[in-house]
Amino acid sequence: MNVSRSFGPQTVLDGVNINIPRGQTTVIMGPSGCGKSVMLKHIVGLLQPTGGEVWVEDQRIDTLRERDLRPIRLQIGFLFQLSALFDSMSVADNIAFPLIEHTNLTESQRRDKIHHALELVDLDGVENKLPAQLSGGQRKRVALARAIVLEPRIILYDEPTTGLDPIRSDGIDQLVNKLRRELGVTSVVVTHDMNSARKVAEHCFLLLNGKVAAQGTFEQLQQNPDFRVQQFLQGVYRRDDIEAERPSSPGQAASL
Ligand SMILES: Nc1ncnc2c1ncn2[C@@H]1O[C@H](COP(=O)(O)OP(=O)(O)OP(=O)(O)O)[C@@H](O)[C@H]1O
Ligand SMILES: [Mg+2]
């Protein structure tokens with residue numbers, strides 16, 4: 001994809017050109033508010049670019065109508081930043097939701113799929129619990145089970161380890177790797193967790209101020225001479241950087 005996106009006067013993505021290799025794990029990093037979630041939403045057609053194009057495999061998707069997007073969305077599992085489970089529905093019903101919506105499976109076939117998805121995320125025996133009865137890490141796993149239950153070929157993870165302790169984060173990282181290995185999926189992981197990026201990434205992109213500031217393997221990013229890249233990787237706080245992320249002027253947006 002090669003995308004620009006503004007919201008009113010604010011330019012969030014300013015010609016972000018990203019190629020995501022099939023069957024591999026690509027990590028997108030960048031400071032809070034730099035447009036990582038916005039980028040993922042372009043891949044499923046939840047947002048359209050104000051400039052540029054989005055391609056999924058061999059199809060340009062940013063110009064498709066809602067009806068034509070459906071079959072593409074079905075191939076993409078999306079783990080939302082805040083898990084987005086239905087609180088009043090059991091774990092099993094949460095995972096059944098996309099199956100009821102998009103397939104004609106019988107109840108027992110659905111039960112098998114739900115069981116298999118929970119097995120894949122290493123969660124057993126929680127089918128009848130409510131999301132509130134689970135830990136944060138377990139909720140992420142349930143959301144992931146829901147994202148994979150339709151057996152997508154592409155999985156988008158928005159901050160899968162944020163808010164989890166290091167052990168549970170490691171568990172999620174291992175899951176990302178396992179799903180890539182066992183299902184052969186193309187994965188895109190948005191994160192600012194450096195540990196996690198190191199463990200799952202085959203390829204990384206770092207977004208800064210609406211542009212790709214660096215790309216390559218995690219090790220290549222660590223060798224990148226750009227001081228902004230090093231500051232981000234090492235987590236050095238500078239007030240100037242935060243100032244620079246404030247909404248840009250209308251003049252800039254007009255130049256798109
Ligand atoms: N639907 C929208 N309407 C208006 N502005 C939006 C919309 N979605 C996102 N933005 C703006 O775009 C910018 C980038 O948002 P985004 O959620 O992509 O950040 P992010 O990189 O995912 O941050 P974080 O790491 O905190 O999740 C923010 O300034 C946000 O306010
Ligand atoms: Mg986000």
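**Helix pairs, domains and ligand shell**

Mentor: Helix α5 (residues 136–148) and helix α6 pack at an angle of about 15°, with their axes 10 Å apart. This is a predicted model, in which local features need pLDDT of at least 70 and side-chain atom pairs count only at pLDDT 80 or more, while totals for chains, interfaces and linings use all residues. Residues are numbered from 1 along each chain as its sequence is written, and chains are lettered from A and ligands numbered from 1 in the order in which they are written.

Trainee: What makes α5 roughly parallel to α6?

Mentor: Angles under 35 degrees count as roughly parallel, over 145 as roughly antiparallel, 65 to 115 as roughly perpendicular and the rest as oblique. The angle between α5 and α6 is about 15°, so α5 is roughly parallel to α6. Axes here are lines fitted to C-alpha atoms, for helices over the stretch in contact, and angles run from 0 to 180 degrees between N-to-C directions.

Trainee: Which residues make the contact of α5 and α6?

Mentor: Gly137, Lys140, Leu144 and Ile148 of α5 meet Arg168, Gly171, Ile172, Leu175 and Leu179 of α6. Two residues are in contact if their C-beta atoms, placed from the backbone, lie within 7 Å. By class, that contact has five nonpolar, two polar and two charged residues.

Trainee: Why do α3 and α5 get the label roughly parallel?

Mentor: Their axes cross at roughly 25° and come within 8 Å, which makes α3 roughly parallel to α5. On the α3 side are Val91, Asn94, Ile95, Phe97 and Pro98, and they meet Val142, Ala145 and Arg146 in α5. The classes there are six nonpolar, one polar and one charged.

Trainee: How is the pair of α3 and α4 arranged?

Mentor: Helix α3 (residues 91–102) packs against helix α4 (residues 107–120) at an angle of about 115°, and their axes are 10 Å apart. Ala92, Ile95, Ala96 and Leu99 of α3 make this contact with Arg110, Lys113, Ile114 and Ala117 of α4. It has six nonpolar, no polar and two charged residues.

Trainee: Which domains does the assignment give, and which residues belong to them?

Mentor: The assignment gives domain 1 (2–75 + 153–254) and domain 2 (87–151); such bounds come from an automatic or database domain assignment. Taken over C-alpha atoms, the centres of domain 1 and domain 2 are separated by 26 Å. Still, 10 residues of domain 1 are in contact with 10 residues of domain 2. Helix α6 (residues 166–183) supplies the largest share of the domain 1 side, five residues.

Trainee: How do you know which residues are around ligand 1?

Mentor: A residue is near a molecule or strand if its C-beta atom, placed from the backbone, lies within 6 Å of it. The residues around ligand 1 are Phe7, Val12, Gly30, Ser32, Gly33, Cys34, Gly35, Lys36, Ser37, Val38 and Gln81. Helix α1 (residues 36–43) gives the most to this shell, with three residues.

Trainee: What classes make up the shell around ligand 1?

Mentor: The shell has four nonpolar, six polar and one charged residues. Ala, Val, Leu, Ile, Met, Phe, Trp, Tyr, Cys and Pro count as nonpolar, Asp, Glu, Lys and Arg as charged, and the others, Gly among them, as polar.

Conventions
Helix = DSSP H or I, 4+ residues; strand = E, 2+ residues; numbered from the N terminus.
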